[in-house]
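Thanks, everyone. Please look at the structure as I go.

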Amino acid sequence: MRSAADANGDARMLEESLRRRAADQQLRDELARHDFSGRRYRRFEEELARYGTAVLRAWMHSGYIFRLVASRGFPLYPSAAELDVLCHDHEARDDLANMTVAVALPRFRKHALIGGGWTYEGGASLPTYFMGACLYVFPNEFRRCRAQDEKRKRQDRLDPAMTVPESDPVHDPAVQAVGNIHVLERIAAAGRRARPIVALTIDGYSQEEIAELTGTQSARAVEGVLYRWRAREKGLREVSGE
Amino acid sequence: VTANQDDRDEDARFEALLEQSSLGAPGARQLRERVPLARKLLVAWDVQGLARLSARPADKVQERVAGVLASAFGEAGVAPGSREVYQQGDGGLALLPAGNGADRPRLIISLIDALDSGLRRVNEALAPSARLRLRLALEEGGVYQAGHGPGGPSVAAVSRLVDAANVRNMLEDSSGYLVVVVTDHLYRDILAYAPERTFARAGIPSKEKGSPGPAWAYLPGERAAHVPGTALRAPDPRDRAAWPEASLMGSLTPGDRAALLAAGTRVQFSDHDILVMEGDVGDAVYVLTGGMVKITAGTEAGAAMLAVRSRGDLIGKFAILNGMPRTATVRAVGTVGAVRVTMERLSALTEAHPDALPAITRSVTAKLRSETERRAASRNRSAQERLAQVIYDLATEYGEKSPDGGAVIFLPLTQAELGELAGVAVATTERLLAEFRRDQLVQTGYRKITVRDMASLGDRLVAPGARPTPVIRTDRLEAPVMMVDAVESTSSDQLPWPPVPLSAPRSPRA
């Protein structure tokens with residue numbers, strides 16, 4: 001049952017997002033005045049890159065990115081080990097995010113801005129459109145990393161001195177803690193919509209950020225998903241007598 | 001100062017617009033803040049030709065480069081603690097504090113100077129093949145930590161710039177050890193206010209992946225190549241061959257020469273093609289890069305041969321200088337290569353390269369003077385002296401030296417044309433050439449004249465008993481006094497174009 005306050009909030013959200021998109025249009029026009037080059041364009045690129053990098057890192061950390069690219073027709077079928085590396089090795093994650101953004105930025109400039117692919121009427125904000133460009137680039141970058149890893153591993157195998165003893169794939173002591181394994185089980189059990197939201201919440205992202213990261217309409221909506229997930233979990237625990 | 005204030009206001013408005021846009025929404029802003037951005041001066045470098053060296057000397061090279069860079073940073077006043085240096089392959093990236101306002105040009109200029117002199121010092125002690133040659137790219141912008149090194153659009157831009165093909169070519173073509181290339185906005189923001197160094201625009205070809213757009217290049221010790229709008233094309237191997245010393249091209253500095261060639265369009269003419277038509281309104285000049293042209297002017301009796309010009313000479317400058325119709329017809333002899341430079345390009349060029357202007361003026365006035373000399377000679381000197389002089393000059397300027405002290409002139413000139421050059425009637429020319437042949441001075445053949453003995457031919461320049469006349473080496477003569485005055489009375493870099501209102505040269509027959 002939706003209250004009048006909720007409806008009011010949604011209307012405010014919609015108004016806010018329209019206002020932001022109108023400003024996006026203004027920003028685009030301002031950048032066009034300088035042929036999408038020069039100091040101000042670089043400033044815009046910097047902020048877009050920071051945003052894109054942060055979003056890609058979060059998406060990779062939770063593995064959500066694989067769902068997004070698969071839904072666009074690029075299933076990457078990451079192995080458990082690959083997911084584990086992206087989850088725990090922030091340098092690997094940062095490198096991949098950085099490369100993806102670096103390749104996506106000129107494409108975005110050419111197609112979305114100069115080519116007019118992005119429009120106010122299209123319904124997406126500039127940053128969302130940019131993330132679309134990143135998702136388009138990501139599979140190639142991921143495969144490149146994968147190929148490099150394979151090559152390195154092959155070289156290491158050939159050179160006995162370089163071979164380190166096989167380490168436990170779950171090397172993070174925190175992950176080995178029983179409580180965390182339980183958390184992971186619970187996340188896996190959450191629905192498709194709740195799963196990334198719960199995972200990102202545990203990673204310490206704010207509700208505003210999660211709304212941004214998952215394309216959920218608003219922070220309020222994220223809060224709602226979390227509320228319903230918590231209520232369900234609480235119910236389950238009571239049933240199982242925990 | 002007001003322009004700067006306006007700029008800052010504009011910047012503030014832009015930042016506000018960024019925050020109002022979707023990037024400024026609470027979630028997006030918080031996400032951005034997770035990636036801290038630091039403003040830095042980015043210095044990327046790469047060692048030219050290092051890939052060709054084997055592993056062992058490459059280590060040595062890297063070590064030397066690291067030493068040169070460290071001392072240059074020190075000389076430029078960058079404390080060791082305030083810089084981060086990352087080695088990547090044959091080059092690397094240094095992040096320096098971005099500094100504030102007035103210090104930035106000074107930091108960059110003193111860094112470039114320190115690096116240039118450091119490279120010279122190190123290279124002095126090295127064999128030519130071991131000398132260090134460095135490409136340097138500069139940019140200012142935000143940098144964030146990304147995995148194993150710094151990341152961000154500025155990092156990407158500076159890496160692309162240092163690797164751009166035409167930046168490599170510039171260093172390849174230069175005699176120096178360093179090429180510095182900066183992004184367009186760094187140049188506009190900072191270096192345009194440091195006029196003591198001449199940066200020239202150097203476009204990065206847009207077909208290069210993720211081209212960082214226009215850039216500015218500086219070759220210390222040499223004037224940078226001026227490349228309006230587009231990239232340096234692959235250099236024509238012919239342009240790298242030596243230019244005849246006496247020609248205009250030979251008298252320009254390598255930088256001005258490259259600029260002049262780059263300012264124009266490469267064109268080719270077949271035998272008998274007309275480059276310039278007498279009476280036409282001129283809008284361009286030609287720099288001859290290969291082959292030869294004949295210059296003729298109409299008289300009542302028909303076309304008279306005025307001169308021949310070849311590689312390195314400038315054609316069509318009179319009409320450009322005074323805006324009058326072309327004074328002569330220029331026709332290709334065989335295949336002729338040239339670079340066509342429009343009037344606008346030429347005046348832009350002389351603005352950017354003020355040193356080129358006196359050289360061009362000198363070449364114009366020297367040609368004028370040679371016409372005057374010839375006219376004077378036609379009164380005071382005998383037909384034999386005049387013809388000997390013309391052959392002597394042609395042999396000196398265009399002849400190929402033969403080992404026995406002679407020279408071969410490969411010029412498809414008829415005897416009549418040779419006579420016209422000397423102001424000698426056809427019948428007299430034929431008689432005199434026969435005399436020269438008999439005296440074993442010259443040999444004539446199809447499209448060539450062989451001078452058997454330059455020294456004896458030189459003797460014929462002076463009639464017995466007459467005062468010895470120095471050999472007319474027109475291109476090396478000083479310009480007539482009036483011209484020189486006109487040039488020197490104005491500061492050369494403020495000369496308007498056209499610089500000197502020259503009167504139209506008259507035909508020697510007039």
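**The A–B interface**

Chain A and chain B bury about 3800 Å² between them, and 56% of that area lies on carbon and sulfur atoms. Three arginines stand out here. A:Arg20, A:Arg39 and A:Arg50 supply 19% of the area that chain A buries against chain B, more than any other three residues. Keep in mind that this is a predicted model.

Now the residue counts. On one side, 42 residues of chain A are in contact, and they meet 43 residues of chain B.

Take A:Arg40 as an example. A:Arg40 pairs with B:Asp11 in a salt bridge, with the closest N and O atoms 2.9 Å apart.

Which elements of chain A give two or more residues to the side that touches chain B? They are α1 (4-33), α2 (38-62), α5 (90-114) and α10 (207-214). The largest share comes from α2(A), with 17 residues. By type, the side of chain A that touches chain B divides into 20 charged, 15 nonpolar and seven polar residues.

**Helix α3 of chain A**

Helix α3 of chain A covers residues 64-71. Which of its residues are buried? They are A:Tyr64, A:Ile65, A:Phe66, A:Leu68 and A:Val69. Look just after α3(A), at A:Gly73. A:Gly73 takes a positive phi there, about 95°.

Key
Residues are numbered from 1 along each chain as its sequence is written. Chains are lettered from A and ligands numbered from 1 in the order in which they are written. This is a predicted model: local features need pLDDT of at least 70, side-chain atom pairs count only at pLDDT 80 or more; totals for chains, interfaces and linings use all residues. Side-chain values use heavy atoms; hydrogens and water are left out. Buried means under 20% relative accessible area, exposed over 50%, partly exposed in between (1.4 Å probe, protein chains only). Helices (H or I, at least four residues) and strands (E, at least two) are DSSP runs, numbered from the N terminus. Contact means heavy atoms within 4.5 Å. Buried area is the accessible area (1.4 Å probe) that two parts lose on being put together, summed over both. A salt bridge is a side-chain nitrogen of Lys or Arg within 4 Å of a carboxyl oxygen of Asp or Glu. Ala, Val, Leu, Ile, Met, Phe, Trp, Tyr, Cys and Pro count as nonpolar, Asp, Glu, Lys and Arg as charged, and the others, Gly among them, as polar.
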